[in-house]
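Here's a quick tour for anyone meeting this structure for the first time. Have the 3D view open and follow along.

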Amino acid sequence: MQYADSCSIKVREKLPPRIERLTDLAYNMWWSWHQEARDLFKMLDYAHWRSTNHNPVRMLLEIEPELVQAAAQDPLFLRHYDAVMLTFDRDLGNGHLWFPKAHPDALPGPVAYFSAEFGVHQSLPVYSGGLGVLAGDHIKEASDLGVPFVGVGFIYSQGYFRQRIPSHGWQEAVYPQLKTEYTPLLPILDGEGRQVRVRVRLVGQEVQAALWRLNVGRAYLCLMDTDVEENAPWDRGLSARLYGGDREMRISQEVVLGIGGVQALRALGLEPHVWHMNEGHSAFVVLERMRELVEKGLSFEEAAEKVRATTVFTTHTPVPAGHDAFSFSLVEKYLRHYWDLLGLTREQFLELGRYDGPEGPRFNMTALALRFSDYRNGVSRLHGEVSRRMWHSLWPERPEDRVPIDHITNGVHLPSWIYGALGRLFDKYLRSDWRAIHDDPTLWERLDEIPARELWAVHQEQKRKMMGFIRERARRRRISGEMDPDQVLAAGAFLDPEALTIGFARRFATYKRATLLFRDLERLKRIIHNLHRPVQFIFAGKAHPADEAGKLLIQQVYGMAKDPAMGGRIAFVEDYDMHVARYLVQGVDLWLNTPRRPYEASGTSGQKAAMNGVPSLSVLDGWWAEGYDGKNGWAIPPLEDGGQDAQDAHDAEFLYRLLEEEVVPLFYSRDADGVPRGWVEVMKEAIRIAAPSFCARRMVKEYTTRFYVPAARGEE
Ligand SMILES: *Cc1c(COP(=O)(O)O)cnc(C)c1O
């Protein structure tokens, strides 16, 4: 297989030979979690770097030739370039990686990881939120650890949407067309230089998907795109939008993801030893794999055994409606050829995914995935419990606590979420190679050696950077005429860099209760307007375009942000994505999370914040139920009985009380140098707990030793 395409060639041709390997760097997302590589691009053309939202491919395509010529003769640039390329080559070689050392020969073929979305970087908008960012963090960490890994997913030509908030606060969705030449995607070519395609049968016709490659360190993604000329218009649009369209669109996408995804790996000549399905969207993988085995002569039962033994399934959703389920007639329409191929009757086939929910029997993707994987998990301890309860009916003969769904708690890819000044502080006080051993808890005992004053100064710097980013966005939107004057207040242009700043950024789903804070407005106003101890809140997040209730929540929060009575102390930052997330988790003082327990499966944004020294104030749900130790933040305890209203009232009361009696006084209690020593202690404890235990390194090691290595034996 070849990958070079006309675009990467165009980039290479623009560069003087001395620095032409910037192309290799730009076309491997490795740069995105290596500060020195990002600095290199920044040095080249800082204005352009910023205006492209950190997109090196686009920047190199558009850069003034004089700038690259100058760089190729600048000794300082060249020294940095040589050092980065050395690290890049060493890192992509085998080096001393954890996996080959810990488990030599355990995985002769790669782990194939299927996900409907991957959040690797903001410049490739093929993710919507937590699920995708987690998948991106997982593959980056697999690369760092040397686990052989290939991800399978989609290119969405219109991505998820970009959010615009007009003055009335009702979210608008904009769908810019993805220009693949501005991304690091490389078409996968066959021997004759044609892009490799897979063909999947969809109701009497074939749909084609073209294959693209995205390099992510040592690992890569294989992404399918149905927007090719040979397809009928409807089929071309299949992979246009993430989570768009109706049920027909959804089942078609999932047929292409699961069945087409297996065929894509075969077209690349791959023999994965482990098959990991990230959420139920890709569950049709098991059907296609069983079909392959039945075709080779196995009985259905033998094929099912083999598939189970090598399949890992991670469920993410404690909300029943969040699990994909299709009517039997729809499944029949799309998969009627499969029961013959598997040697089953129609009834036997439909039983594979049957689940009797409130709407009657359905073909449920999670039920299918659970039945055909021997390794199953939720994404936090509490979510494991909830999942065992939710899916108990699949194992009726077992007591609930013996339902075979385990948990592996999510973690975030630390080098993607900590950098800049805080990373340099760790270089100085932990040890220079702290990143290489960051899941070792003893490393973090050294946090005590960081003087409170220095940690505080670094945090202030991150906070100012975030506010600069927010102001600059507001300024640009205003001067380009896209924003009314009264929206400038709501956009956070007048935030106070000295005030206690609390962040709330996540998807606007109703269970996340974004408006809990506003239950008692008079009390809230007293908190934010305190003359000596002001408090401000920054909100960000999108609602799914079809989620009217979620959009209503945004409108309510936006109304608060615009209201002069709130004094500019409530801000709403538009278009939440990984770029905005990075500024917020590094720059606010406190991370707020108020889900309705137990609907937050994990909640990874709080982990990102905590490892940056931003403690959480959160309902004891998801990761916080196991991460909170009494000293690393604040917890709203569960109310054991009572309906939703009682729970809301209880949680809001607790939230106000914690703010008034603990959070605000601690933040404003300063020593002679203006350093809040007690607060800095909480910051350090937040880092000490989150960095080694809620990082993707701990998570991927757990998946590997508990699931991947044993599952790979099932392939033998
Ligand atoms: C981390 C992240 C999320 C997930 O955050 P939750 O706490 O799980 O809601 C969503 N969107 C973006 C852009 C993120 O970076």
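## The largest cavity

The largest cavity in this predicted model holds about 100 Å³ of space. Its lining is made up of Ile165, Ile470, Arg473, Ala474, Arg477, Met483, Gln487, Ala491, Tyr558, Phe572, Val573 and Glu574. Sort those by class and you get eight nonpolar, one polar and three charged residues.

Which elements supply at least two residues each to this lining? They are α20 (452-479) and β18 (570-573). Of the contributors, α20 gives the most, with four residues.

## The other cavities

The structure has five cavities of 30 Å³ or more. Around it sit Ala116, Phe154, Tyr156, Leu242, Tyr243, Arg250, Gln253, Glu254, Leu257 and His281.

By class, the lining of the second largest cavity splits into six nonpolar, two polar and two charged residues.

## Where α20 meets α28

Back to α20, which also packs against helix α28 (residues 677-693). Their axes are 10 Å apart, and the angle is about 75°. Angles of 65 to 115 degrees count as roughly perpendicular, so α20 and α28 are roughly perpendicular to each other.

On the α20 side, the contact uses Ala452, Leu455, Trp456 and His459. From α28 come Arg677, Trp679, Val680, Met683 and Lys684. Taken by class, the residues of this contact are six nonpolar, one polar and two charged.

## Where α14 meets α15

Now look at helix α14 (residues 328-342) and helix α15 (residues 346-353), whose axes come within 9 Å and cross at roughly 115°. Therefore α14 and α15 are also described as roughly perpendicular to each other. What is the handedness of the crossing of α14 and α15? The crossing is right-handed.

In α14, the residues that touch the partner helix are Phe328, Val331, Glu332, Leu335, Tyr338, Trp339 and Leu342. They meet Arg346, Phe349, Leu350 and Leu352 in α15. This contact has nine nonpolar residues, no polar ones and two charged ones.

## Where α12 meets α13

The axes of α12 and helix α13 (residues 300-309) come within 9 Å and cross at roughly 130°. That angle makes α12 oblique to α13. The crossing of α12 past α13 is right-handed.

Val286, Arg289, Met290, Leu293 and Val294 of α12 make the contact with Phe300, Ala303, Ala304, Lys306 and Val307 of α13. Their classes come out as eight nonpolar, no polar and two charged.

## Two backbone spots to check

Glu279 is worth a click: its phi is positive, about 75°, although Glu279 is not a glycine. Where does Glu279 lie? You'll find Glu279 in the loop between β9 (274-278) and α12 (285-295).

The other spot is the peptide bond from Arg597 to Pro598, which is cis, with omega near 0°. Pro598 belongs to the loop between β19 (590-593) and α25 (605-611).

How values were computed:
Residues are numbered from 1 along each chain as its sequence is written. This is a predicted model: local features need pLDDT of at least 70, side-chain atom pairs count only at pLDDT 80 or more; totals for chains, interfaces and linings use all residues. Side-chain values use heavy atoms; hydrogens and water are left out. Axes are lines fitted to C-alpha atoms, for helices over the stretch in contact, and angles run from 0 to 180 degrees between N-to-C directions. Angles under 35 degrees count as roughly parallel, over 145 as roughly antiparallel, 65 to 115 as roughly perpendicular and the rest as oblique. A crossing is left-handed if the near helix is turned anticlockwise from the far one by less than a right angle, and right-handed if clockwise. Contact means heavy atoms within 4.5 Å. Ala, Val, Leu, Ile, Met, Phe, Trp, Tyr, Cys and Pro count as nonpolar, Asp, Glu, Lys and Arg as charged, and the others, Gly among them, as polar. On a 1 Å grid over the protein atoms alone, a cavity is a set of points where a 1.4 Å probe fits but cannot get out, and a pocket is an open set with protein on both sides within 12 Å along at least five of seven lines; lining residues have an atom within 4 Å of a point. Grid points are joined across faces, edges and corners, and a volume is the space filled by probe spheres set on the points.
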